[in-house]
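My entries follow the structure below.

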Amino acid sequence: MPTIRPSSPLSSGLLAALVALAAACSKTDASSAGPDAQAPDARASEADFPPGFLWGSATASFQVESGNANTDWGVWAATPGKIKNGDRPDDGPDALAHIDEDVKALTDTAQNAYRFSFEWGKLYPTRESLDSDTPDADTLAKYTNLVGKLRAAKITPMLTLSHFSLPLYLSNPRLPKEPQGWERPETVQAFARYCGRIAARFGKDIDLWATINEPVVAPLGGYIQGAFPPGLVLEMDRAFAVVKAEARGHAACYDAIHQADTVDADGDGKAALVGPVLHQREVLPQDPNDEADRAATKRVRYFNNLWFANASILGDWDDDFDGSLEGPGDRKADPALKGRADWVGVNYYTIMLVASSGGIVLPRVNAVIKVDRLDTPNPKTDFSWDIHPQGFGAVLDEIAIYKLPVFVTENGLADASDRNRARFLAEHLLQMGLARKRGVDVRGYFHWSLIDNFEWNSGYCPRFGLFSFDPKTRARTMRESAKTYKSLILAGRVRQGDIDAFPPYGAPAVCN
Ligand code: BGC
């Protein structure tokens, strides 16, 4: 989830205001713990992971590749004033020119899985090229090389089909008043076509497919906070429309992948396993003793953590986002949506605090949401996010209500000094292991990120990588914390003692 610079149209704390819903409750309110609540066994001190568990890291094409100008994000990033320090995506790690180095980075740290995305607008630069299935030959060759090298190194690929950026022919930030991206009527079917094309070409090597990354975060950034294309602020109706279109796009993509990918690449009897990737937060009331804050917290939790899962897994379509299925456009167990998840991806970084007043109370919303610089005793990252590993356990417990395999598709922190990453990793892996002990079916963990990358509107200031890169030579350097990750992977176990061996969290730098 993006952190917004103070120079953005709304100030940081207010920008963090997310959506809550006018009428009340979540029907699947799995957790409403207070800020310091712990899962019953949270003090247990060790957890094991089975052989075959996927240990990896994650990237996204726009954040690590060069040459993605033909996308909405490409235009957005080239617009003066949109990116911190005027940073440019082409000055990043240039992943497609350094495939061997990145595969080596994975194997050097004992990782056996890699989550990444393809850049739709680079692979199919025009609508005609998509419709006629004539992808850009150079890009196709590079992606084919990447996937082939991963498989040769016995690294399981997980491919994300859409990670925020969209082709310019579907999403033009120069025309923000007109419907863009997911708002356009043709986007859902174009996306399904794209998913089918990719699955047909790469299904022999890829079994794990992620449809859309963080469907709530993109509209939050683009239509409420103004930090993502198309750069609109507080356009609640359009943001809801985007989330709904993404839910339809997810289902259509799921069907297209299953239709096109009939080859079992891993020999486990399944040709394709498809899931959504959700940005889950531990959502807590600003004042746990205030009934209005607690009610607002439930509404925000529903919107942020549950609405999309309900639609894509249960087929429950809450058209007006009011937390009930009684409205005129609502549907329960819609067969066009239901069951479109073979697994569910959880991205977990931090918590958010919710109040009923004391900031911008959004239209159609009765909540003020705060995500950074929180007035809590928790340690902070360079992004000013709280470090709160117990929240990780809580969101894993919450997602378990859907009874699906879970992949942790992102978890990490901005930590340029690398002082805090090893402790963060160990603490979060312990929480994940304890959730597994409680019965949550977590099958793999992908750290965000393999390498420092272009952090959307924040440019290169936040450093999320297990590896850094030299801006001139692009040479990769392993951070000390990557060695910790490797040793935990090799041990297949994390203990409280591993955590206690690290120094306490140090003061962060500030990147937002
Ligand atoms: C996104 C990534 C981003 C990370 C850190 C996630 O919400 O999927 O693209 O870099 O958060 O902010």
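**Entry 1: a helix pair**

I looked up helix 12 (residues 389-399) and helix 13 (residues 421-437), which pack at an angle of about 30° with their axes 8 Å apart. Helix 12 is therefore roughly parallel to helix 13 (angles under 35 degrees count as such). Axes are lines fitted to C-alpha atoms, for helices over the stretch in contact, with angles from 0 to 180 degrees between N-to-C directions. Helices are DSSP runs (H or I, at least four residues), as are strands (E, at least two), numbered from the N terminus.

I noted the contacts (heavy atoms within 4.5 Å): P389, Q390, F392, G393, L396 and D397 in helix 12 meet E427, H428, Q431, M432 and A435 in helix 13. These residues divide into five nonpolar, four polar and two charged, with Gly counted as polar.

**Entry 2: disulfides**

I found two disulfides (cysteine sulfur atoms within 2.5 Å). C195 and C253 form one, with sulfur atoms 2.1 Å apart. This pair links helix 8 (residues 187-202) to helix 10 (residues 236-260), 58 residues apart. Both C195 and C253 are buried (under 20% relative accessible area; exposed is over 50%, partly exposed in between, with a 1.4 Å probe and protein chains only).

C461 is joined to C511, S to S 2.2 Å. C461 is partly exposed at 21%, whereas C511 is buried at 3%.

**Entry 3: basis**

I worked from a predicted model, in which local features need pLDDT of at least 70, side-chain atom pairs count only at pLDDT 80 or more, and totals for chains, interfaces and linings use all residues. Residues are numbered from 1 along each chain as its sequence is written, and side-chain values use heavy atoms, without hydrogens and water.

Notes
Parallel < 35°, antiparallel > 145°, perpendicular 65-115°, else oblique.
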